[in-house]
Amino acid sequence: MSVIPLIDILLVAFIIYELLALIKGTRAAYMLVGVAALALVFYFSRVGELTTLNWLISTLLPYAAFALIVIFAAEIRQALARLGDVYDDIVLAANLFSQNQTGALIVIEREIGLRTYIESGVPLDARLSYDLLATIFRPSAPLHDGAVIVQKDRVAAAACFLPLSMNPVLSTQLGTRHRAGIGVTEETDAIAVIVSEETGAISLAVGGKIERDLTVEQLRERIGGLLRRYVPPSTLPTPITNGGEELASSEESSERIPLARSAESRVNPRSDR
């Protein structure tokens with residue numbers, strides 16, 4: 001069997017699977033059943049040589065494509081939106097945390113699985129969004145301590161424990177949050193976005209190294225480059241306030257957040273490939 005037909009079949013199967021996954025649980029699923037029933041009627045009209053019915057369906061068929069576009073307009077918009085990048089929500093959230101000096105640690109999984117660290121936190125399995133991240137890291141929220149772990153377009157878990165970096169070369173100015181972000185990137189190929197609670201500075205850790213004091217645009221470019229995806233620019237939101245006060249108080253120190261276990265209790269997530 002030639003390789004080309006096999007690739008062709010796999011691509012068609014993938015497209016059909018994605019289409020079904022897209023409309024699953026929506027009103028479009030019921031409409032698809034109706035379309036399938038109409039296709040069966042058309043097939044049997046051709047096989048049974050029902051001339052009048054066959055003529056009617058053949059006449060209306062060219063307009064079916066336009067009807068489907070109107071009917072599935074919402075689903076089409078959703079599919080096109082998915083061609084963008086949900087990781088821009090992380091950039092927008094980092095901007096919010098930076099403005100309000102809200103400490104945050106967001107870890108993005110790549111090739112090496114992070115199941116070990118996910119199991120140390122509170123499982124969420126929720127769609128990644130700016131609003132969800134802003135809610136999780138509110139100082140009054142029960143899950144704001146620890147790290148959020150992102151798998152593709154899902155927030156897998158929050159309040160996760162991460163391994164602290166034991167690198168003696170690191171600056172003594174780096175606290176627990178930054179050392180935890182660096183630590184997980186030393187043991188995996190993950191990307192860690194860190195926002196300082198004391199200064200509001202945005203940092204990015206990857207491969208055991210940290211880039212500090214990034215602007216929002218620099219963070220967007222670096223995440224897009226590391227994930228080999230285009231992260232579209234968006235209008236930065238204004239800070240969320242609570243009763244006229246900022247989300248986070250500068251009196252709280254990021255050094256006191258229990259983000260990591262001791263070095264002896266660390267486990268190697270490479271087994272979760």
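**A few notes on the predicted model**

1. Let me start with H178, which is buried, its relative accessible area being 8%. Bear in mind as you read that this is a predicted model. H178 belongs to helix α8, which covers residues 176-187. Setting aside neighbours within four places in sequence, the contacts of H178 are I194, S196, S203 and I210.

2. What is the strand order? It is β2-β4-β3-β1-β6-β7-β8, an open sheet of 7 strands with mixed pairing. At the edges stand β2 (122-127) and β8 (209-214); each has a single partner strand, so one side of each lacks a neighbour in the sheet. From one strand to the next, the twist averages 20 degrees.

3. Helix α8, the one that carries H178, packs on this sheet and touches β1 (104-108), β6, β7 and β8. The direction of α8 makes about 175 degrees with that of β6.

4. Do have a look at the β6 and β7 pairing too. Strand β6 (residues 191-195) and strand β7 (residues 202-206) run antiparallel and are joined by 5 bridges. Within this pairing, I191 stands opposite V206 in β7.

5. Another helix to view here is α9 (residues 216-226), which lies across β6, β7 and β8. Its course is at about 20 degrees to β7.

6. Now for helix α5. This helix spans residues 88-100, 13 residues in total, and reaches 19 Å from its first C-alpha to its last, close to the 18 Å expected at 1.5 Å a residue. Just after α5, Q101 takes a positive phi of about 50 degrees.

7. Why can α5 be called largely enclosed by the rest of the structure? The reason is that 11 of its 13 residues are buried, where buried means under 20% relative accessible area.

8. The structure holds 1 aromatic pair, formed by F97 and F137 in an edge-to-face arrangement, with 5.4 Å centre to centre and 70 degrees between the planes. The pair links distant parts of the chain, as F97 sits in helix α5 and F137 in the loop between α7 (130-136) and β3 (147-151), 40 residues apart. Are these two residues buried or exposed? Both F97 and F137 are buried.

Methods: Residues numbered from 1 in each chain as written. Predicted model: local features only at pLDDT ≥ 70, side-chain atom pairs only at ≥ 80, totals over all residues. Heavy atoms only, no water. Helix = DSSP H or I, 4+ residues; strand = E, 2+ residues; numbered from the N terminus. Expected span 1.5 Å × (residues − 1). Buried < 20%, exposed > 50% of the residue type's maximum accessible area, 1.4 Å probe, protein only. Contact = heavy atoms within 4.5 Å. Phe/Tyr/Trp six-rings, centres within 6.5 Å; stacked < 30°, edge-to-face > 60°. Pairing = 2+ DSSP bridges. Axes fitted to C-alpha atoms, helices over the stretch in contact; angles between N-to-C directions.
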